[in-house]
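Please walk me through this protein model, from single residues up to the whole chain. Keep the account plain and state the cut-offs behind each term.

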Amino acid sequence: MSIFQGLLFLAFGMGLLIVDFQSLSRGWLPCGSNGFKGRLEFHRQDQPGAFWSMFVLYLLAGAALSLYAIGLLVGFASPLPLR
């Protein structure tokens, strides 16, 4: 189970980091649903505070998931319980 969780968390963590670093060239970050208006996006030029806040949040979450996944795969961390 730890191998499955490790690979899954590594994919999620790397995905967050990829989205985060692609936002530097694109200039916007997706931030989920905005109801019937489509998805919520923070643009660097229009909303710099929200953009950089989400950038740091994506960076921290991606790094935390990736480090936890590496710990699972190496054997330093215990897997999450199934219950």
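**A walk through the model**

Gln5 sits in helix 1; helices (H or I, at least four residues) and strands (E, at least two) are DSSP runs, numbered from the N terminus. This is a predicted model, in which local features need pLDDT of at least 70 and side-chain atom pairs count only at pLDDT 80 or more, while totals for chains, interfaces and linings use all residues. Residues are numbered from 1 along each chain as its sequence is written, and side-chain values use heavy atoms, with hydrogens and water left out.

With a relative accessible area of 8%, Gln5 is buried. Buried means under 20% relative accessible area, exposed means over 50%, and partly exposed lies in between (1.4 Å probe, protein chains only). Beyond its neighbours within four places in sequence, Gln5 contacts Leu72, Pro79 and Leu80, where a contact means heavy atoms within 4.5 Å.

The protein as a whole has two helices and two strands, arranged along the sequence as α-β-β-α. Its radius of gyration is 15 Å, well over the 12 Å that the globule rule gives for 83 residues, so the protein is more spread out than a compact globule. That radius is taken over C-alpha atoms, and the globule rule is 2.2 Å times the number of residues to the power 0.38. Along the principal axes, the C-alpha atoms fill a box of roughly 45 × 25 × 15 Å. Of the 83 residues, 23% are buried. Among contacts with a separation of 6 or more, 55% join residues 24 or more positions apart.

Which residues make up the largest nonpolar core? They are Leu29, Phe42, Phe51, Met54, Phe55 and Tyr58. Such a core is a set of buried Ala, Val, Leu, Ile, Met, Phe, Trp, Tyr and Cys residues joined through side-chain atoms within 4.5 Å. Helix 2 supplies the largest share of this core, four residues. Leaving out residues up to four places away in sequence, Leu29 touches a list of residues including Val19, Leu40, Phe42, Phe51, Met54, Phe55 and Tyr58.

Trp52 also belongs to helix 2. Its relative accessibility is 39%, so Trp52 counts as partly exposed. Residues up to four places away aside, Trp52 touches Leu24 and Arg44. Trp28 is 24 residues from Trp52 along the chain, and their C-alpha atoms are 10.0 Å apart.

The surface comes next. The accessible surface of the protein is about 5700 Å², and 70% of this belongs to carbon and sulfur atoms; accessible areas come from the Shrake-Rupley method with a 1.4 Å probe, and for residues only the protein chains shown count as cover. Ile3, Leu7, Leu67, Ile70, Leu73, Val74 and Phe76 form a nonpolar surface patch with about 770 Å² of accessible area together. Helix 1 (2-26) and helix 2 (48-74) each give two or more residues to this patch, and helix 2 gives the largest share, four residues. Patches are made of residues with over 30% relative accessible area and no salt bridge; like charges are joined within 9 Å, and nonpolar side chains (Val, Leu, Ile, Met, Phe, Trp, Tyr) within 5 Å. Ile70, in helix 2, is partly exposed at 43% relative accessible area.

One salt bridge is found in the whole structure, meaning a side-chain nitrogen of Lys or Arg within 4 Å of a carboxyl oxygen of Asp or Glu. The side chains of Arg39 and Glu41 form a salt bridge, at 2.8 Å from N to O. Glu41 is partly exposed, with 24% relative accessibility.
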